[in-house]
Amino acid sequence: MITDTLQQALHNTTRPWRQRLDNGRARLFQADALSQAEQTPYETLFDDGLVKLRYYPPLQENAIPLTDGTVMSVSRDTQRTPLVLVAPLAVNMLIYDLFPQRSLVRYLRARGFELYMVDWGRPGKYHNHLNLSSYFSDYLPKLLVQVRQHSGKQQLSLHGWSFGGLFSLCYSALGQDPDIKNLVLVGAPTDYHRNGALGAQYRRFSRRAKWIRRSTGLRIHDVPAGLLRSPGWVNSLAFKLTNPVGSLQGYWNLVKNLHDRDFVSAHATNGAFLDDMVAYPGGVIQDIIRYLWTDNVVAHGQLPMEGTKGHLNQVTANVLNVTGASDPIVTPECSQAMEPLIRSKDKTFITIEGGHMGILGSAAAQKQSWGRIADWLIERD
């Protein structure tokens, strides 16, 4: 009897450590199995080996869970204007469908939007010729033709986050598509030199780069694009360094909660996005350095491309601009600098809590902006 009691006590003592070891092993070696991301079904309408166009069909369930523990009924009424999510570069698509209870695509589909998403894919070393205008001037027109053919609708709404917002704005500024009805721009950069602490660095960089250009005639586009390619791991590290304390805190919280399988699963889900970013092609880096950091052309209404094609004063779509109060990558001042440059009569600017990722995919964004974005679009439908 005493032996049995001692064995049971020993088992109860060692069990939590076994749980920690099992969960830690799973987090290190079986993260994909733990991840809860990308559970919303979709169809691929276009795939050229790099860029893809997704379509999210109507949800089969009658209600979806939300982060606050409530459920939201799935609308069976379809909004008239299809909505196209234009993703940024460098990120994978998991951020749009991170958790079943915190999925932007599932939420928007539940609100009745015919929903499409542009996935820019994973550029390899043989894609270094791609530049910024490749995405908004070459690819987007072709992809939106596909959306119109599939939906049977001519008028469209674009929802762009980060560079996806810049691409959406620049596409509209080309002045060749009067049927872009609404632009939802989330953390979309405009004036790089009015961008908080980063803006001060860009201004210093701009002065030096212009001096080199005047003194030597050397331009960044004279450097082979392949030498400037930014690998995915570099982009992941750079993103984490915008909040190094928060990044370290996340790993410390994992250590403290290794006994909790749900916490470990959530950490693996976030890690599937944060630890697996995508490369920037070398041509994109060339354009960023020249047009955005050095010449800051978008702040003057011009587009980041060769020539004088397009201008922000050709943007006439209804615009909803969403920025994050604590976003160090695209500050509210940087993004809202577009306001006097665009010709839209219907312009709404809101700032919510959160950083660059949080304003799109966090629980706070679900509460503060998803509903407001959907309501804003529906009011203009």
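**Close-up 1. S168 in helix 5 of the predicted model.** Helix 5 spans residues 163–173 and contains S168. The relative accessibility of S168 is 0%, so this residue counts as buried; the cut-off for buried is under 20%. Setting aside residues up to four places away in sequence, S168 touches V86, L158, G160, L183 and L185.

**Close-up 2. Packing of helix 4 against helix 5.** The two axes come within 10 Å and cross at roughly 75°. Helix 4 is therefore roughly perpendicular to helix 5. From helix 4, the contact draws on L132, Y135, F136, L140, P141, L144 and R148. Helix 5 supplies F163, F167, C170 and Y171. By class, the residues of this contact are 10 nonpolar, no polar and one charged.

**Close-up 3. The largest nonpolar core.** This core has 95 residues. Those with the most contacts inside it are Y96, W120, F136, L140, L144, F163 and F167. Helix 4, residues 132–151, gives the most to the core, with eight residues.

**Close-up 4. Surroundings of W120.** W120 is among the residues with the most contacts inside the largest nonpolar core. Its partners, not counting residues up to four places away in sequence, are L50, V51, V86, A87, P88, L89, Y135, Y139, L140, L143 and F167.

**Close-up 5. The hairpin of strand 1 and strand 2.** Strand 1 (residues 43–47) and strand 2 (residues 52–56) run antiparallel, joined by four bridges. D47 stands opposite K52 in strand 2. Four residues lie between the strands. In the turn, G49 has a positive phi of about 95°.

Methods. Residues numbered from 1 in each chain as written. Predicted model: local features only at pLDDT ≥ 70, side-chain atom pairs only at ≥ 80, totals over all residues. Heavy atoms only, no water. Core = buried A, V, L, I, M, F, W, Y, C linked by side-chain atoms within 4.5 Å. Buried < 20%, exposed > 50% of the residue type's maximum accessible area, 1.4 Å probe, protein only. Helix = DSSP H or I, 4+ residues; strand = E, 2+ residues; numbered from the N terminus. Contact = heavy atoms within 4.5 Å. Pairing = 2+ DSSP bridges. Axes fitted to C-alpha atoms, helices over the stretch in contact; angles between N-to-C directions. Parallel < 35°, antiparallel > 145°, perpendicular 65-115°, else oblique. Nonpolar A, V, L, I, M, F, W, Y, C, P; charged D, E, K, R; others polar.
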